[in-house]
4 protein chains.
Amino acid sequence: MSDQNPIFIPGPTNTPDRLRRAMQVQNLDHRSRAFAETFMPVLQDLKPVFGTVDATTLIYPSTGTGGWEVAIANTLSPGDRVLAARYGLFSDRWIDTCKRFGLRVDVIDCVWGDGVPIAEIEAALTRDKAHEIKAVLVTHNETATGVRADVAGVRAAMDAASHPAMLYVDAVSSLASMDFRMDEWGIDVAVAGSQKGFMLNAGMAVLAVSPKALEAHRSATLPRAFNDFTDMITANQSGGYPYTPPLQLIFGLRASLDMLAEEGLEAVYARHFKMAEGVRRAITALGLNLVANASHLYSDTVSSIYVPEGCDGNRLVAHASEVYGMSFGVGLGKLNGKTFRIGHLGSLTVPMMLSGLATIEMALVDMGVGLQLGTGVAAAQDYYRSNQAGATKYLAA
Amino acid sequence: MSDQNPIFIPGPTNTPDRLRRAMQVQNLDHRSRAFAETFMPVLQDLKPVFGTVDATTLIYPSTGTGGWEVAIANTLSPGDRVLAARYGLFSDRWIDTCKRFGLRVDVIDCVWGDGVPIAEIEAALTRDKAHEIKAVLVTHNETATGVRADVAGVRAAMDAASHPAMLYVDAVSSLASMDFRMDEWGIDVAVAGSQKGFMLNAGMAVLAVSPKALEAHRSATLPRAFNDFTDMITANQSGGYPYTPPLQLIFGLRASLDMLAEEGLEAVYARHFKMAEGVRRAITALGLNLVANASHLYSDTVSSIYVPEGCDGNRLVAHASEVYGMSFGVGLGKLNGKTFRIGHLGSLTVPMMLSGLATIEMALVDMGVGLQLGTGVAAAQDYYRSNQAGATKYLAA
Amino acid sequence: MSDQNPIFIPGPTNTPDRLRRAMQVQNLDHRSRAFAETFMPVLQDLKPVFGTVDATTLIYPSTGTGGWEVAIANTLSPGDRVLAARYGLFSDRWIDTCKRFGLRVDVIDCVWGDGVPIAEIEAALTRDKAHEIKAVLVTHNETATGVRADVAGVRAAMDAASHPAMLYVDAVSSLASMDFRMDEWGIDVAVAGSQKGFMLNAGMAVLAVSPKALEAHRSATLPRAFNDFTDMITANQSGGYPYTPPLQLIFGLRASLDMLAEEGLEAVYARHFKMAEGVRRAITALGLNLVANASHLYSDTVSSIYVPEGCDGNRLVAHASEVYGMSFGVGLGKLNGKTFRIGHLGSLTVPMMLSGLATIEMALVDMGVGLQLGTGVAAAQDYYRSNQAGATKYLAA
Amino acid sequence: MSDQNPIFIPGPTNTPDRLRRAMQVQNLDHRSRAFAETFMPVLQDLKPVFGTVDATTLIYPSTGTGGWEVAIANTLSPGDRVLAARYGLFSDRWIDTCKRFGLRVDVIDCVWGDGVPIAEIEAALTRDKAHEIKAVLVTHNETATGVRADVAGVRAAMDAASHPAMLYVDAVSSLASMDFRMDEWGIDVAVAGSQKGFMLNAGMAVLAVSPKALEAHRSATLPRAFNDFTDMITANQSGGYPYTPPLQLIFGLRASLDMLAEEGLEAVYARHFKMAEGVRRAITALGLNLVANASHLYSDTVSSIYVPEGCDGNRLVAHASEVYGMSFGVGLGKLNGKTFRIGHLGSLTVPMMLSGLATIEMALVDMGVGLQLGTGVAAAQDYYRSNQAGATKYLAA
């Protein structure tokens, strides 16, 4: 965790200097015009990042995890039925949150490493003639397995079943990094956080809420106060906030949105693909295996990788941290010990990525894994050399 | 809101450079030892600030307002009865939060400007032979009226009534600024935030929870997930966090606790009294009146002041902001338009305080109020001159 | 010296957050295009601040004091004669520098508090039929006495004497704060620093050099290497630097020039006059006297003020620093002990200025001076109230 | 030059966050006790870094290059004879500076890539029976060639010749990175800068001056004012400064000295050797050649490397900067185009170093050089793996 080594956890990410400076703003009166003048355009400029025109964007002093709770507490009532697939730790936790709030959750259990089970979802919805299911929950990017969900496919399944359920998507570790289309995919609530694709400090849940979800909000009776949509929206309309806002993060988000717009979202996605693909080439060259079961499932923000037989993933990650000062992700949930993860989202350059690959190679050899040092690096170098565009310009500040 | 003019709102406060620098730490892996090594002592060192040995301290990515919700959702069940006095906007809001969570609230309505009604509380508790009331809610410092509650008196009343209810205290705008004694006063849940006495950015709710409240937590059935005590405490015990922590604020809190300890809490309280007393002398000299109805009620963190006849408090505050670049608080709730507020908590020096008084004098004259410029300043200067100790050393660096 | 109290020394000045952030840029390769792309426009954009089209602007890692040496070492030869008036500490020091470099200095000694002696300069030049005098040295703003020199008058005197000497002006504590017109006044070398009107950290001498002075440079034989014009100009022409540049200060200067341009130089000068005039009203109301002997001599960046009989200026300044955490300037040179100085240049607002006045009032009373607290503040408030434009907008960041 | 990619130029170096924060101090009154209390210990704590007990340490607002001039202008007189070897660009420039100041320089011209010519120095001194030579000038680390001079050997040669000349050493790119022993090696003036081993921003020359050199200063007649030893030492003795000091850099130096002391100088040197040795292993594995002609000459702060036939060093460096956002050094002086340089001093970790090596490999291949990607990285990984101690701890925070 030297301040000079990048971190390769799937969030919080490395923060560019420009954003660090943007978050250094002094406290000011959040009831002043100065606050409103920054805050209102931020809410507006969040919309293209979500791929929405119609949705209302909201910011809470919380995290992505808290955002799940904001989503359900505002739009559902005790005893409501929701449908969710469990294919990793974060989809599992969201299900748990639903249960704690007294929702009935129809869980589709999947193999970790598989994607979202579109056919099963369609089948379940089709079976639900009474339309008891109020919402379908999808984790767009399963940080535990490095798997990306086909949200468009889920939408198609819902349409095929002619089911009126709302679609909730956890976009915490995908938004502003991978293609996301709220309106096109018919998403009703999308949940993100400040410390992933926005490259900021942790401390904000960022949501987009469709008109349909706002309509549902009116009759939803789960308890909420701090998280209440109505209080927030009412205050926001005049540039205000229902309590003390996370001022520095909002100013940081202003700068983050500027950076994303300057680069262009398509270029941001392409850059993330490029970074990720270099990592995958390296992994393959080293003879290691991804948890994701098919290439169309590969996440561009995190790769979850099986450690070789005899190597403990936790020891590997601890060793890299202690000896080389570099942070990788441990395996989560049932993959703990069996995998390690390389986060490759947010502010990363080719040289940074190569430092991560060179370091994990050393750490693997230190753990007794028989691999040829430099092999993975070379595969990534070869790929990056042939795909030079885009990745360096972006992060200068 | 020039970055060179102090703000005189009762939070967020001015942030000393030392704390601004402390919050500039880069993102690091919150599952690493480096995080635990900072975080665990922070939880421990919060205890003396709350005046507790026995309580468990907790930090949530939220605000003080969110902290109220954390308090009740973890310790109460739907339909539980609580007793609360309403003597300002913030006590009112906490009552509202309770109602939204399905609690029955016995409200004692008071005159705004009065303190917490100890006799009525004792009477209400005495009447409650069945001990249905699970908790008494007290706002230690009513930011809307500039009134401090006599929490020790409430505890005495509860004891006199031999009532087993828990005592919850909103210490958001008092902790680390005014005398606070959790254990001595028999408080069960105390709620604070990062952006007041701790002088940091907004974004954290900081709580202390008594063993009795933790016991109550076990059987409390209000829904919670993100806010859950058990998840938080379990993770904290090994230096972990149940989701992404507000890292920069935690590092800032480390430095804030160091600053408070270096000055000494008694000196911190004395300094706040001194700052506040100078303001009160100025207010009196200017012929203005405080909302607080008696001197023993005076808050040392905020003064709520009636504007003279014919002067609109909101226009006054807007004018001071636009013309002089300085932020004061508007009147809140039923006092809106009729008062303005001077926050005097956190990082303030005598010269800063005098700049605020000189500025509000000009703004008042600009509004047509007939007062002699310099009169209030002179009264404050006279007081501060005769009470020189303490206030400058603290905030250097 | 609390980080929250402004400083009232005539430089270094308070630094706005925007400039503090601008100076936080990480080290980069000064031989890279990125450096050139920032540096070259900075040199260009300095010109309007000096009021020049024709001059070449230069930046040295040094201070204003070092800038004097850069000026003479590049344009004069051993034994050259220069004419200079001594009316304060800084004019005295520049004379001393000339002597150390083997120049012959014709010194006109003046009363401290008087301005530049135009008639004597004209007389001296007229007497110099052989045109031995190579340069006339003028300190535009005598920081020791708070006196502004009439540079246009000096130019007129030189013209009246039909003397070909060059005109060198020390603009260290005036540039970017008070009206300065290099071309119109026929100045050949103007010397400034980064920590005054530019509001940055100390560490740069900033010069503007006329074509005539560059011509003189070719035959000037005083030794120089680090300070050499030719090396610097040659490197600058392609965006380079002859050695490692003060990178962070150059990036800070970029932002400072932007701020000055956004406000407009005329507005900057008007703001400085306003700040200064409020101080002078306060001084008068307190019954104190300025060192400057006539109102047309008043500096808008610093006021030098006699302490009352029986009060020691050094003790006064030390007391204000120790007890109130606020820095004023001590009396310099022969005025040491007899005066104190209030700097009012750079990033200051009306509230900041009033905090300074309120503080010095208290400090004076603490020293036993019999004055009515608030009197000076009231005079300044009255003046500032009636002249509200301009001063707050500027420094927001 | 992304703010996320390290720079690999031999200064300015990467700056750890701890030092960036330390340089963020606001302007304060340099005539105050607060300044003196920081400044005086800094001067004292510089001594162990220079390896001296007897010398006086001095700080000028300048750069290392300016420091050469400070050294000679204070201790020599016009026409004095000095002896210097020219074996790279920086030794050449120092000779040029001497000539500009009217010194007679006996130059020993060497092959670039060779070290300091001890035998020739001894011979020259032995020939100088009249002891006309007042000083011997040695560049400890030739940044252009990556060669370290044997200063102890020069001292031995001087002793063998029984010559009383003073010994001046340019330690700009070696101090606080490679072993340096001012007293043991009998050095009279040592010159360094802030932006190399101290890892700060550029803007300070840092010198250590022996009692013998101070004695010489008394009769030395080269002109100086800003640079004068006597003015500086007199002011420093009471914690003062003869003009406005580079405040932020001095506070940064305080933190830098703390970091160096916490790690221990021996560990700092060992770390630099380790970083450098990894680079050299990579260079060798890639079939490239160092400019340094023998292994005992290898610099631990910079490696100067011949580009392969047909590859232009300047294009290579420009390409790495433009395509990969990473800065390497170009060839200097007569090596321009024929070499590139990898700086490896200051704040660097193993992962950072590997990112530099991986990047230069890609850039070389992009230039058409036929090498196997990953080869150099692998050699460095192998070396670093086997030498894990020390390098990560240092740079945290």
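Predicted model: local features only at pLDDT ≥ 70, side-chain atom pairs only at ≥ 80, totals over all residues.
A crossing of two helices is called left-handed if the near helix is turned anticlockwise from the far one by less than a right angle, and right-handed if clockwise. Helix 2 of chain A spans residues 33–50 and helix 9 of chain A spans residues 247–263; their axes are 9 Å apart and the helices pack at an angle of about 45 degrees. Helix 2 of chain A is therefore oblique to helix 9 of chain A.

The residues that build this contact can be picked out on the structure. From helix 2 of chain A come A:Phe35, A:Thr38, A:Phe39, A:Pro41, A:Val42, A:Asp45, A:Leu46 and A:Val49, and they meet A:Leu247, A:Ile250, A:Phe251, A:Leu253, A:Arg254, A:Leu257 and A:Leu260 of helix 9 of chain A. Sorted by class, the contact of helix 2 of chain A with helix 9 of chain A comprises 12 nonpolar, 1 polar and 2 charged residues.

The crossing of helix 3 of chain B with helix 4 of chain B is right-handed. On the side of helix 3 of chain B the contact involves B:Trp68, B:Glu69 and B:Ile72, while helix 4 of chain B contributes B:Phe90, B:Arg93, B:Trp94, B:Thr97 and B:Cys98. The class count for the contact of helix 3 of chain B with helix 4 of chain B is 5 nonpolar, 1 polar and 2 charged residues.

Aromatic rings deserve a paragraph of their own. A pair of such rings is described by the distance of the centres and the angle of the planes. Over all chains, the structure holds 36 aromatic pairs. One of them joins D:Phe35 and D:Phe39, which are stacked with 5.0 Å from centre to centre and 20 degrees between the planes. These two residues are separated by about one helical turn, because they sit 4 residues apart in helix 2 (residues 33–50) of chain D. D:Phe35 has 0% relative accessibility and so counts as buried, and D:Phe39, also at 0%, counts as buried. Another stacked pair is that of D:Phe226 and D:Tyr243, with 4.1 Å centre to centre and 15 degrees between the planes. D:Phe226 lies in the loop between helix 7 (211–219) and helix 8 (229–237) of chain D, and D:Tyr243 in the loop between helix 8 and helix 9 (247–263) of chain D, so this pair ties together parts that are 17 residues apart in sequence. Both D:Phe226 and D:Tyr243 are buried.

C:Ala205 belongs to strand 9 (residues 204–209) of chain C, and its relative accessible area of 0% makes C:Ala205 buried. The C-alpha atom of C:Ala205 is 4.6 Å from that of C:Gly193, 12 residues away along the chain. C:Gly346, in turn, is found in the loop between strand 13 (339–343) and helix 12 (350–366) of chain C. With 3% relative accessibility, C:Gly346 counts as buried. Leaving aside neighbours within four places in sequence, C:Gly346 is in contact with C:Thr13, C:Met199, C:Arg271 and C:His272.

Notes:
Residues numbered from 1 in each chain as written. Chains lettered and ligands numbered in written order. Heavy atoms only, no water. Phe/Tyr/Trp six-rings, centres within 6.5 Å; stacked < 30°, edge-to-face > 60°. Buried < 20%, exposed > 50% of the residue type's maximum accessible area, 1.4 Å probe, protein only. Axes fitted to C-alpha atoms, helices over the stretch in contact; angles between N-to-C directions. Parallel < 35°, antiparallel > 145°, perpendicular 65-115°, else oblique. Contact = heavy atoms within 4.5 Å. Nonpolar A, V, L, I, M, F, W, Y, C, P; charged D, E, K, R; others polar.
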